[in-house]
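Please read the points below with the model open beside them. They go through a few helices, strands and single residues in turn.

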Amino acid sequence: MLSIGALAQIGQVTHRMLRHWDSAGLLVPAQVDPFTGYRSYDPSQLERLHRIVALRQLGFGLDDIALILNRGIDAERLAGLLRARRAEVTDKHRLAEARLRDVERRLRLIDQENTVSTLEIVQKSLPTLRLAALTTVLTEQDEIPAVIGPMYGRIVPVLIDAGATLGPAIAQYDMSEDGMRLIAGFEYAGDVPSGLEDVVLPEVATAFCGVHLGAMDTIFESWQSLHGEIVARGYTPNGPIRELYLRSEPAPQSDWVTELQQPVAPV
């Protein structure tokens, strides 16, 4: 018989892992001393240990390993599990390559310009949002500052009268041949009050986001930086932009915090 220490040394695993697999029913000791609780393993169990380790190295979870070892599995089912695992590994490899490219690109910028970007970009998904909102179409981008403030000035009292607790304001800007369609509103779960529109912003699988600090008169520069990063990382804009006003009025614009959200797709 092999002690837990001997089996752990031969199999190159930890005592803790062997105890965990015992609790999961994957590798139960051949004997357990009723007085000391010491576990002993039959040498033939080393083969099962190697199979568990091999399957773990392939990335299988304990449930799949238990299925393979305890119930048996046909070639078609095993092939399906391996294909699923291949897809997971491929995705992780693609993400690792993208991160490596980003690190190398930042190093080149530092080497060439001796500067560090002040706008940090993160990649994330955006959830579906239901808004109580107003919409309008602008012919020129310069009209935004004069229009968006009064839009929120009309929205806020209606929602407060309806008993709503207001979270961050949200705006979406969608360019088309007819101009820019502007949606301004707040996330809302109830029946949208009369005078406001019930608008649903769809889920976005992948977006690049950055945080603009301060006044709106410099937000265009932050958007330029964000779109430059999108191109540099091998993506392209893929949908209308959103702005999430995390801190806005009544605070002075110098203290405003705005998240810039741009849906993207790989080039």
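**Notes on the model**

1. Two bridges join strand S2 to strand S3 (residues 39-41), and the two strands run antiparallel. Two strands pair if DSSP finds at least two bridges between them. Helices (H or I, at least four residues) and strands (E, at least two) are DSSP runs, numbered from the N terminus. Within this pair, Gln31 stands opposite Ser40 in S3.

2. This is a predicted model, in which local features need pLDDT of at least 70 and side-chain atom pairs count only at pLDDT 80 or more, while totals for chains, interfaces and linings use all residues. Residues are numbered from 1 along each chain as its sequence is written, and side-chain values use heavy atoms, with hydrogens and water left out.

3. S2 and S3 belong to an open sheet of three strands, in the order S1-S3-S2, with antiparallel pairing. Its edge strands are S1 (2-3) and S2 (31-32), each of which pairs on one side only. As background, strands of a sheet pair through backbone hydrogen bonds, either parallel or antiparallel.

4. Which residues of helix H2 are buried? In H2 (residues 15-23), they are Leu18, Trp21 and Asp22. Buried means under 20% relative accessible area, exposed over 50%, and partly exposed in between (1.4 Å probe, protein chains only). These three cover an arc of only 105° around the axis, so they are on the same side of H2. The arc is that of the directions from the helix axis to the C-beta atoms. On the other side of H2, Arg16 and Ser23 are exposed. Just after H2, Gly25 takes a positive phi of about 80°.

5. Helix H1 (residues 4-11) packs with H2 at an angle of about 105°, and their axes are 9 Å apart. Axes are lines fitted to C-alpha atoms, for helices over the stretch in contact, and angles run from 0 to 180 degrees between N-to-C directions. The angle makes H1 roughly perpendicular to H2; that term covers 65 to 115 degrees, whereas angles under 35 count as roughly parallel, over 145 as roughly antiparallel and the rest as oblique.

6. What makes the contact between H1 and H2? Ile4, Gly5, Leu7 and Ala8 come from H1, and His15, Leu18 and Arg19 from H2. Contact means heavy atoms within 4.5 Å. The residues of this contact divide into four nonpolar, two polar and one charged. Here Ala, Val, Leu, Ile, Met, Phe, Trp, Tyr, Cys and Pro count as nonpolar, Asp, Glu, Lys and Arg as charged, and the others, Gly among them, as polar.

7. Gln12 is in the loop between H1 and H2. Its phi is near 60°, a positive value in a residue other than glycine. Most residues other than glycine have a negative phi, and most peptide bonds are trans. Gln12 counts as exposed, at 69% relative accessibility.

8. The peptide bond from Glu249 to Pro250 is cis, with omega near 15°. Pro250 lies in the loop between strand S11 (241-247) and strand S12 (257-266).

9. Strand S5 (residues 129-138) is joined to strand S8 (residues 197-201) by five bridges, and the two run antiparallel. Leu129 stands opposite Leu201 in S8. Eight bridges join S5 to strand S7 (residues 179-187), again antiparallel. Leu131 stands opposite Glu187 in S7.

10. Ala84 lies in helix H5 (residues 75-113). Ala84 is partly exposed, with a relative accessible area of 38%. The C-alpha atoms of Ala84 and Phe60 are separated by 10.0 Å, and the two residues are 24 residues apart along the chain.
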